[in-house]
Amino acid sequence: MTTIAFLLGIAAVAMALGIRAKLPTASVLIAAGWLLRVWGAPLDDEIVRETLLLSATFLVFLVGIEVDPGHVAGRFRRAGALALLQMLALGAVALGAAPWLGIEPMHALYLALAFSASSTLLVVEILRRRGQFYEPFARTVLGAVLLQDFLVLLALAGLGLVDSGFDQAMTVAGGVVALVTAGVLLSRYLAPYVLTRMNLDEEEQILFVVAVLFAFVGLAHVCDLPLVTGAFFAGHALARFPVGGLVRGHVLTFSDFFITAFFVSLGASLVLPNPSALLAEGLFLVVIVVVVPFILVPLFRRGGASLRSSLEGVGLMAQCGELGIVVALVGLSRGHLSEPELGMVIVVATVTMMFVGLFSNERFVWGLVHRLPSRAPRVVDVPLNDHVIVIGCGESGRVLVDELHGKVGLAVIDDDPSVVSELEARGIVAVRGDGSDAAVLGRVAPERARVVVSTMRRLADNLRIVRACGRTPVLVRVFAPEEADAVRELGGRAVVESELTTRAFLGWFDDRFPRGPEADPGSAA
Amino acid sequence: MEVTERSFLEALGIMMIAAVIIVQLSRRFRVPSIISYILAGLAVGPILGLISPAALDDEAISTVSEMGIVLLMFLVGLELSLDRIRQVGKVALAAGVGQVVFTAAGGLGLCRLLGFDWMESIFISTALTFSSTVVVVKLLDQKNELHSLYGRIAVGIFLVQDLVVVVVLTFLAGLGSNDSLDASTIALGLGKAFGGMALLLVVCLVAAKHLLPRPFGWAARSPRLLFVWSVAWCFAFVISAHVMGLSAEIGAFLAGLSIAQLPCAHDLQRRVHPLMSAFIVVFFVSLGAQMRLGDASNYAFEAVILSLFVLIGNPFIFMFIIARYGYSQRTSFYTSVTVAQISEFSFIFASMGVATGLIGAPILALIALVGFVTIAASAYMILYNGPLYALVTRLGLLRVFRARQGEDEAGEDAARTGHVIVVGMNALGRSIVEALHQRGEEVLAIDTDVRKLAGLPCPTKLGSIEYPAVLAAAAAHRAKLVVSTLRIESANRMLAHRLSAAGVPVAVHAFDRTVVDAMREAGADYLLRSKKEGGARLVDELRRIGEVGA
């Protein structure tokens with residue numbers, strides 16, 4: 001109990017400092033756990049080890065639950081290509097550099113696998129925080145990290161077969177089949193029946209979810225698979241709506257507790273890599289953060305994403321996360337990785353997770369967009385004068401385009417290639433790109449436009465557009481009144497979604513819940 | 001039966017899976033969950049031999065088990081305020097001490113009558129004296145009656161008993177290797193314990209009023225930070241209590257009590273509860289797995305007599321004491337029923353007796369059997385205290401206590417009903433709250449960020465609607481309408497699904513056209529289509545400023 005108290009105590013302090021300094025929780029917690037060990041706190045090694053084991057199991061389970069596969073449906077092809085390319089690139093670098101760095105080939109494979117696993121939890125957290133969870137590039141990134149988790153765990157099971165015979169290979173293959181079958185049965189029949197029809201109370205539902213986790217972990221154990229494989233399959237089988245929503249509600253606290261426990265106990269059991277490993281760490285950091293992202297950007301762009309969205313997407317994937325650490329822990333337990341190599345994975349994960357917020361940050365990405373060479377823009381060959389420019393053809397933009405088409409000259413900017421093709425087919429001038437990019441905006445002659453209408457989501461984008469349009473009137477759709485104030489300060493006009501939506505809601509409310517005569521003095525007369 | 005040595009994770013998994021199976025099997029017979037857990041422990045331990053005693057002694061398993069107890073008592077502290085505890089302080093002290101004295105004396109006499117020797121009688125009667133805090137608190141929590149008057153008196157009594165346990169343990173520690181009492185060790189132990197109790201209480205009071213409000217107010221902006229701070233605070237108290245020779249339960253309770261005054265206390269209760277529910281299972285299954293009932297076969301008659309003494313005698317003593325303090329017949333009865341079982345401490349105490357050779361293994365088995373019978377029977381008595389009270393009143397069995405008739409407490413505040421719940425205090429949420437409030441609707445605003453709830457003209461609740469308990473606490477099932485302005489698809493979808501199943505109208509924010517179908521399928525009655533509204537208004541605005549024709 002003393003050990004748990006120490007771990008939680010240091011975690012509490014570290015998280016507060018992390019929030020103040022705007023540093024990622026995971027990195028701060030690992031550092032705090034390590035400091036606890038360095039200071040010589042009286043930690044029971046067995047408890048630290050068991051805490052790490054239990055929390056890693058729960059963590060991978062939570063990763064499995066986190067993303068409903070339905071959310072990324074339709075993007076698996078592109079996402080799969082991204083995931084595979086990242087894994088192959090890292091594998092090639094690791095194997096190629098292994099003799100040079102003095103790393104054995106098997107160890108290099110584990111390292112490549114560990115570095116390939118981006119943090120799903122971190123990606124989800126950042127996308128939710130920035131309100132980008134539903135943007136097309138975000139769905140592709142989520143699909144990629146989800147597939148990465150799956151592929152990494154399968155590869156991990158495969159690596160366990162090295163030096164094993166046919167029988168064990170069959171056991172493992174049977175295990176994977178059994179887990180998949182059990183997952184399908186659980187997802188389609190058992191979990192929906194137990195959790196939505198049996199009328200269990202909260203405690204019974206929680207117990208069922210935990211028992212499912214342990215049953216899958218047990219199955220993986222029996223089939224010589226890594227325990228985390230069972231945990232991931234269990235989580236994934238419970239992720240579909242409506243079961244997923246119920247389960248997420250129950251395990252939110254577990255998530256807070258075990259994420260904290262995992263990272264801080266990891267730090268407390270960290271063996272720092274040898275100084276001689278600095279070269280290897282530096283190499284892998286450069287590959288993860290610089291090389292691989294630039295290999296992935298073209299693939300993103302081929303899927304139709306703008307340069308900016310592509311950079312944001314690869315920025316989110318430019319890290320090694322919690323699953324990578326779990327992979328390294330499994331490698332260590334199998335004797336396929338040394339303690340300093342585990343330390344190397346942890347250091348790389350800590351550093352990359354610390355910087356992922358920066359690499360996918362708007363200002364950083366814009367800096368890159370302006371510095372990177374881009375394709376010459378396609379010339380708009382229709383003379384544009386006294387036209388209306390619509391930036392963003394989502395739900396709001398579409399209402400505008402449908403209304404204005406045929407009545408006024410119209411030019412639309414959107415970063416979705418399918419939207420652009422559809423508009424062109426209707427005879428509307430459409431440009432693919434980021435509407436807040438002055439170069440893209442310049443192609444539709446804003447200086448000669450009658451008015452520019454922006455339906456972009458981010459306030460910073462809209463302010464950039466208002467500035468770029470000079471004397472041309474700009475009308476902006478914003479969500480909150482404070483955002484409207486910022487737009488008006490720069491000379492733009494704004495319509496405020498929240499106020500309009502409230503008005504529409506009240507209309508429905510009055511119809512649905514008509515006020516009685518006693519509440520309406522007028523009607524009493 | 002061959003007993004298998006298992007790793008920590010295997011043992012934990014077996015316990016959880018066994019608990020689920022037994023709970024599901026016994027649901028049809030309305031067996032209280034804690035009895036199912038103990039039966040699961042009996043099944044995986046003594047009966048099937050899936051878990052060895054060594055596995056139960058594993059440091060990690062016992063830590064998980066202790067964490068369950070700690071979180072349970074932390075929750076109790078969070079549930080109660082200092083004022084509420086103070087109101088029942090006198091009666092709890094009198095009943096706690098009085099019951100210990102009378103039960104110990106009565107039990108000693110009964111054991112001598114049953115033919116046990118002096119040493120056995122001392123051990124058995126001491127074991128019969130203490131009631132199980134964990135069992136009772138768990139049952140009261142299950143009934144959602146921890147905050148009731150009788151629940152508070154019961155908690156107070158158990159805390160007094162915990163202090164008496166400390167005294168007993170201190171005396172045991174004072175028994176030197178030559179079995180003679182070492183007065184200085186006892187004095188030191190007692191001084192440390194009572195001094196420590198006073199110190200922790202002072203820290204608790206100071207922290208509640210001066211130390212915690214500001215930092216916890218700051219931490220409340222991040223639900224995870226708030227949760228980790230609270231649990232860390234709890235464990236700091238537990239360790240302090242341990243250092244001072246007090247029980248972990250007392251430390252956890254005081255930690256909870258110090259946070260109970262803060263606005264975030266209710267949200268914390270909901271967050272800690274699921275974790276406690278999972279961990280406490282390990283405690284009860286371990287308890288069952290440790291019971292070795294086979295050796296008690298020669299003591300069947302004695303077990304029946306002693307069980308009846310606990311089930312009837314203990315409540316009798318309590319009923320008498322509590323009624324003397326002017327509490328109503330109902331409150332006195334409900335409180336008394338909570339003490340009709342012996343504690344897990346009784347097993348530990350008897351095990352110590354066996355280890356030191358003062359009593360034999362059959363006595364330990366007898367105490368385990370009495371423990372199982374009384375815990376099982378009292379679980380039913382507590383869960384069904386209403387019908388039981390009606391029965392004994394009808395039979396006139398309570399007249400002898402001459403307790404006051406009537407009620408001690410008015411019922412709960414008028415339950416909220418016909419209100420509109422608005423979830424998510426972003427610009428849209430605040431706008432809707434203000435508009436509905438101006439129309440005279442009773443509105444309840446919910447958000448996870450305490451800053452976003454500030455300055456609203458209506459009652460507010462801190463919490464995430466992804467926790468079912470938050471909806472329950474907001475009385476969502478009695479609401480006129482629930483509105484979510486969140487931009488989180490999974491949360492909105494689940495809310496629509498849950499509430500439409502409960503027949504409550506629900507409006508959710510369909511913040512992107514890709515989520516519209518999913519929200520409708522989930523059962524939303526109305527969709528807040530912010531982008532669509534924005535688009536329509538843009539057209540109107542263009543017309544208004546004359547940039548496009550009508």
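I was working on a predicted model, in which local features need pLDDT of at least 70, side-chain atom pairs count only at pLDDT 80 or more, and totals for chains, interfaces and linings use all residues. Residues are numbered from 1 along each chain as its sequence is written, chains are lettered from A and ligands numbered from 1 in the order in which they are written, and side-chain values use heavy atoms, with hydrogens and water left out.

**Cavities**

I noted how a cavity is defined: on a 1 Å grid over the protein atoms alone, it is a set of points where a 1.4 Å probe fits but cannot get out, and lining residues have an atom within 4 Å of a point. Grid points are joined across faces, edges and corners, and a volume is the space filled by probe spheres set on the points.

Which residues line the second largest cavity? I listed Gly245(A), Ile465(B), Glu466(B), Ser490(B), Ala491(B), Met494(B), Leu495(B) and Arg498(B). Helix α22 (residues 489-501) of chain B gives the largest share of this lining, five residues. Helices here are DSSP runs of H or I with at least four residues, strands are E runs of at least two, and both are numbered from the N terminus. I sorted the lining by class and got four nonpolar, two polar and two charged residues. In this scheme Ala, Val, Leu, Ile, Met, Phe, Trp, Tyr, Cys and Pro are nonpolar, Asp, Glu, Lys and Arg are charged, and the others, Gly among them, are polar.

I then searched the whole structure and found five cavities of 30 Å³ or more. The largest cavity holds about 200 Å³ of space. It has 17 lining residues, and those closest to its centre are Ile4(A), Thr51(A), Leu54(A), Phe257(A) and Met67(B). Two or more lining residues come from each of α1 (2-21), α3 (45-66) and α11 (243-268) of chain A and α4 (59-79) of chain B. The class count for this lining is 14 nonpolar, two polar and one charged.

**Chain B**

I counted 24 helices and six strands in chain B. Its C-alpha atoms fill a box of roughly 105 × 55 × 50 Å along the principal axes. Of its 550 residues, 60% are buried. Buried means under 20% relative accessible area, exposed means over 50%, and partly exposed lies in between (1.4 Å probe, protein chains only).

I looked at helix α8 (residues 133-142) of chain B, where nine of the 10 residues are buried. After α8(B) comes Asn144(B), with a positive phi near 60°. In helix α14 (residues 265-290) of chain B I checked Gln269(B). Gln269(B) is buried at 13% relative accessible area. Leaving out residues up to four places away in sequence, Gln269(B) touches Leu75(B), Leu78(B) and Glu79(B); contact means heavy atoms within 4.5 Å.

**The sheet in chain B**

In what order do the six strands of the open sheet stand? I read β3-β2-β1-β4-β5-β6 in chain B, with parallel pairing. Two strands pair if DSSP finds at least two bridges between them. β3 (460-462) and β6 (526-528) of chain B stand at the edges with a single partner strand each, so one side of each has no neighbour in the sheet. On average, neighbouring strands are turned by 15° against each other, direction ignored. Helix α22 (residues 497-512) of chain A packs on this sheet, touching β1, β4, β5 (506-509) and β6 of chain B, and its direction makes about 165° with that of β6(B). Axes are lines fitted to C-alpha atoms, for helices over the stretch in contact, and angles run from 0 to 180 degrees between N-to-C directions.

**Chain A strands**

I followed β4(A) next. β1(A) and β4(A) pair in the parallel sense over four bridges, and Ile389(A) has Val452(A) as its bridge partner. Three bridges join β4(A) to the parallel strand β5 (residues 474-478) of chain A. Val451(A) and Val453(A) point one way from β4(A), Val452(A) and Ser454(A) the other way, and all are buried.

I ended on positive phi values. Asp386(A), not a glycine, has a phi of about 55°. It is partly exposed at 42% relative accessible area. Ala445(A), also not a glycine, has a phi of about 50°. Is Ala445(A) buried or exposed? I found it buried, at 4% relative accessibility.

Notes: 1 Å grid on protein atoms, 1.4 Å probe; cavity = no way out; pocket = protein on both sides within 12 Å on 5 of 7 lines; lining within 4 Å.
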